[in-house]
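Student: I would like to learn how to read salt bridges in a protein model. Could you take me through them slowly?

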Amino acid sequence: MDFDYFLRLFFSGLTRGSIYALLALGYTMVYGIIKLINFAHGEIYMIGAFTALIMATVFSFTGMPTLAILVLSSLVALIYSSAYGFTIEKLAYKPLRKAPRLSVLISAIGMSLFLQNYVLLAQTSNFLPYPSLLPQVPVPRFLQGIINSQQIIIFTTTAVVMVLLTLLIKFTRMGKSMRATSQDRVMATLVGINVNKVISWTFLIGSFTAALGGILISSFTGQINFYVGFIAGIKAFVAAVLGGIGSIPGAVLGSLVLGMTESFAAGYLSSVYEDVFAFIILVLILIFKPSGLLGRPETQKV
Amino acid sequence: MLELQSVSTYYGNIQALKEISLTIEKGEIITLIGANGAGKSTTLMSISGVVPPRDGDVIFQGESIMGMDAAEVVAQGICQVPEGRRIFPHLTVQENLDMGALLRSDREGIRTDLNYVFSLFPILAERRGQAGGTLSGGEQQMLAISRAIMARPKLLLLDEPSLGLAPLIVQQIFEIIKQINQENGTTIFLVEQNANQALKVAHRGYVMENGRITLADSAANLLSNQEVKNAYLGV
């Protein structure tokens with residue numbers, strides 16, 4: 001096999017991995033704080049992409065330059081989707097705060113189905129073309145033909161988001177409160193942390209990055225329908241479990257591993273079974289290392 | 001300063017506290033002693049708002065704090081060092097202390113208190129950058145107490161600070177409790193199974209059995225009380 005082909009697969013895997021990472025962050029952060037797999041998370045990604053599409057169409061009538069359309073429509077979509085995430089938590093999860101974990105999980109699945117069908121009814125079941133809003137950036141000479149401008153934007157954006165998020169979690173008061181809450185919720189309230197506020201912020205941040213992923217990948221693939229969030233969501237969930245659910249670096253690592261695996265497996269083995277590999281990984285990781293690559297094994301102190 | 005007026009607390013249908021009444025005056029060290037399962041920790045959790053009482057009233061500085069959630073109670077100036085210490089295991093010692101001062105914004109005061117806890121427990125200064133979970137039991141207890149001091153509480157609730165610690169460390173912890181009370185005038189409510197030690201540092205004490213307060217007296221009197229001796233002092 002020639003080396004260029006390998007590199008193309010590598011960068012294609014990196015692209016997928018970046019998008020999974022933006023999504024997986026939300027799963028892992030929410031799990032870390034309230035021990036819930038938020039199955040409606042993929043829908044936020046889809047709604048983010050849809051909102052940006054609608055806003056871009058609206059703004060394009062004003063004759064603005066493309067870059068302004070991109071920035072404005074993305075901004076609206078990101079804020080709108082974060083508000084969605086915030087509201088979903090308040091409506092579907094907060095009332096069940098003291099209920100068994102299974103009830104909340106079922107509520108999450110219900111929310112996911114509801115949002116999918118709502119978008120199906122409000123929009124259409126067909127694939128819609130997605131405008132390529134991303135600006136052209138120069139591709140380094142030696143990578144021409146291997147990677148395109150959009151991929152460069154996707155990597156850079158993801159990297160910037162990861163760095164900002166790491167700084168936020170590590171150094172800000174809210175970040176420290178999040179870590180404390182995920183480690184011991186009762187003790188967190190005993191030092192005066194407003195746990196509801198922490199949970200709300202977690203949903204806001206997770207929804208923001210998910211919507212960002214949705215906008216980026218839709219601009220890259222050029223199409224969208226109401227169902228894109230489901231499969232992407234499940235795969236990002238696999239990535240989060242692979243990396244160790246609850247661990248933020250784990251989610252990023254798991255996403256990159258998953259993206260690469262899918263890309264190489266599709267490129268060298270068969271692209272027909274592309275989606276199968278994610279689930280093979282899920283089964284293997286659950287059998288052999290249930291706590292994930294970077295996850296901490298659940299210890300129970302007596 | 002703090003008054004519980006016939007407080008009853010339930011876990012589901014099980015009544016854990018049966019009309020508990022007690023008072024704590026400013027500047028006192030009050031201890032609550034009793035056997036396992038008597039309801040001592042529940043009393044503290046009821047005050048802190050983690051397990052809200054169903055009946056009765058909790059008055060702090062003349063105002064009811066019943067129904068406040070735990071974070072609001074902390075904001076009122078009541079801090080708890082819970083049973084089992086509950087150090088945030090993956091935060092560093094420094095970050096654990098920062099969490100204690102979460103609700104404060106007076107940088108100067110925070111720095112003073114940080115130096116103060118490091119003077120009480122110099123070992124914590126050495127271990128500043130280490131994850132809380134890697135400390136020994138005694139060091140974790142020191143950190144837990146320090147974390148609470150960082151909030152500069154008016155009332156400090158301590159739940160079994162001596163549990164599972166070596167006798168020498170227990171001695172040291174009780175010395176510090178006394179010191180905090182004398183130097184800062186912090187009012188302390190101390191829940192203990194180690195009745196002997198607790199009664200030695202406390203001004204007054206309450207004895208709890210099966211969710212009820214059965215005895216209330218000065219610490220000195222309780223130490224010489226025959227029933228208390230038989231039941232809790234192992235003499």
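This is a predicted model: local features need pLDDT of at least 70, side-chain atom pairs count only at pLDDT 80 or more; totals for chains, interfaces and linings use all residues.

Tutor: Glu262(A) belongs to helix α10 (residues 248-269) of chain A and Lys235(A) to helix α9 (residues 228-243) of chain A, so the pair ties together parts that are 27 residues apart in sequence. Helices (H or I, at least four residues) and strands (E, at least two) are DSSP runs, numbered from the N terminus.

Student: What counts as a salt bridge?

Tutor: Side chains of opposite charge can pair when their charged atoms come close. The term means a side-chain nitrogen of Lys or Arg within 4 Å of a carboxyl oxygen of Asp or Glu.

Student: Are Glu262(A) and Lys235(A) buried or exposed?

Tutor: Both are buried, where buried means under 20% relative accessible area, exposed over 50%, and partly exposed in between (1.4 Å probe, protein chains only).

Student: Which side chains meet Asp113(B) in a salt bridge?

Tutor: Arg104(B) does, at 2.7 Å from N to O, and Arg152(B) does, at 2.9 Å from N to O. Arg152(B) counts as partly exposed at 47% relative accessibility, whereas Asp113(B) is buried at 8%.

Student: How should I read the numbering and the limits?

Tutor: Residues are numbered from 1 along each chain as its sequence is written, and chains are lettered from A and ligands numbered from 1 in the order in which they are written. Local features need pLDDT of at least 70, side-chain atom pairs count only at pLDDT 80 or more, totals for chains, interfaces and linings use all residues, and side-chain values use heavy atoms, with hydrogens and water left out.
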